[in-house]
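Dear colleague,

I am handing over the structure we spoke about, and I would be glad if you could look through it alongside the notes that follow.

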Amino acid sequence: MAGGTAVVVDRRMLAHDPGRGHPERPDRLRVLLDHLGDARDLVHLGARAAAEEELALVHPAAHVERVAASAGRPRVVFDPDTATSAESWEAARLAAGSLLVVCEAVLAGQVQNGFALVRPPGHHAERERAMGFCLFNNVALAAAWLKTKGVGRVAIIDWDLHHGNGTQHLFESDPDVLYVSTHQYPYYPGTGAADEVGRGAGAGRTLNLPFPAGFGDAEYVRAFDDIVAPVVRQFAPGFVLVSAGFDCDHRDPLGGMEVTPAGFATMARACVGLAAECAGGRIAAVLEGGYDLAAIVAAMRGAEHAPPPATGDARRAERVLARVRAAQAPYWRL
């Protein structure tokens, strides 16, 4: 396998404009473009738009057509949080396709791992509904696509501030996709309680860790050590996907969490380590939320290092983790 970390980012995604003052603004991507520049330690891959038949792996034709119909129109409102501009259709397809580009390169052995830096984000998008700033569910599409390429089991680890309702619902009955989410709770979108564990054949394949506001590095690290890592190891995925949201950063204007770059670095290293143990090192990440620009850059810079936790108290996590253990006891050894 070739070495190196791939990055996919495309300036055409800057053209998605959900409206003046919207948190999901083009500057989120622009600051990353400026930061990355021509970094020689990364393998820069070109983006491509997801084809409509690829989008159809998780979204019915009617939903794809609704988003496509926004092309060229100055503003289409899908819900109070989610609107499009004339170029959003292209941006949304590029966002979905960018993660597929990373997955393709990892599967082919061209790179060891990679990060798709995209907008709009995806994990709130339901099968038939755009919501929460999201038009298509980028990480869910990648998981479904990987299964068509012969990957038997896929783990999705989502550390965004908000619960990925769309990702959970798309796979909650699928025994071959494990969805793991750490998130502020109760908070938007209202889903993600500890007792939401999946349905039918997918029972136990949804792992929610609902955190109260105020948790920081130490609580997140303990959750990864005590719950996330043991479950992922037992599930034994063939590929790991990460919904990497940076809105649980202590500076983010939308959230109430206290994670610092040290915490993000530790979570990133844990995910890479689990991929190395279980999936032959195959891992790809996609940008979700994160609305403080300095926080995003600091987290990205810190991904190579894992300093000690800077915030939080691991003991505060015990009450939440006890509820999670009880909910997951029929399915995993914890």
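**Aromatic pairs**

F211, F215 and Y220 are linked into a cluster by ring pairs, where rings of Phe, Tyr and Trp (its six-membered ring) pair if their centres lie within 6.5 Å, and planes under 30 degrees apart count as stacked, over 60 as edge-to-face and the rest as tilted. Please bear in mind that this is a predicted model, in which local features need pLDDT of at least 70 and side-chain atom pairs count only at pLDDT 80 or more, while totals for chains, interfaces and linings use all residues. Residues are numbered from 1 along each chain as its sequence is written, and side-chain values use heavy atoms, with hydrogens and water left out.

The search of the whole structure gives 4 aromatic pairs. One of these joins W89 and F136 edge-to-face, at 6.2 Å centre to centre and with 70° between the planes. Because W89 belongs to helix α4 (residues 88–107) and F136 to the loop between β5 (113–116) and α5 (138–148), this pair ties together parts that are 47 residues apart in sequence; helices (H or I, at least four residues) and strands (E, at least two) are DSSP runs, numbered from the N terminus. Both W89 and F136 are buried, a word that means under 20% relative accessible area, with exposed over 50% and partly exposed in between (1.4 Å probe, protein chains only). The ring centres of F211 and Y220 are 4.9 Å apart and their planes stand at 85°, so that pair is edge-to-face, and F211 and Y220 are likewise buried.

**Two buried side chains**

Q328 is placed in helix α10 (residues 318–328), and it counts as buried because its relative accessibility is 0%. Its side chain reaches the backbone oxygen of T206 at 2.9 Å. Leaving aside residues up to four places away in sequence, Q328 touches V197, G204, T206, L207 and L334, contact meaning heavy atoms within 4.5 Å.

L146, in helix α5, also counts as buried because its relative accessibility is 0%. With residues up to four places away in sequence not counted, L146 touches C103, L107, V151, V154, F239 and L241; the C-alpha atoms of L146 and L107, which are 39 residues apart along the chain, are separated by 9.0 Å.

**Backbone points to check**

Most residues other than glycine have a negative phi, and most peptide bonds are trans. Here the peptide bond from R119 to P120 is cis, with omega near 0°, and P120 sits in the loop between β5 and α5. Another cis peptide bond joins Y188 and P189, with omega about 5°, and P189 lies in the loop between β7 (177–184) and β8 (206–211).

F133, which is not a glycine, has a positive phi near 80°; this residue is in the loop between β5 and α5 and counts as buried because its relative accessibility is 14%. A236, also not a glycine, has a positive phi of about 55° and is placed in the loop between α7 (217–235) and β9 (239–244), where its relative accessible area of 41% makes A236 partly exposed.

With regards

How values were computed. Polar contact = N/O pair within 3.5 Å; in protein donor to acceptor, adjacent residues only side chain to side chain.
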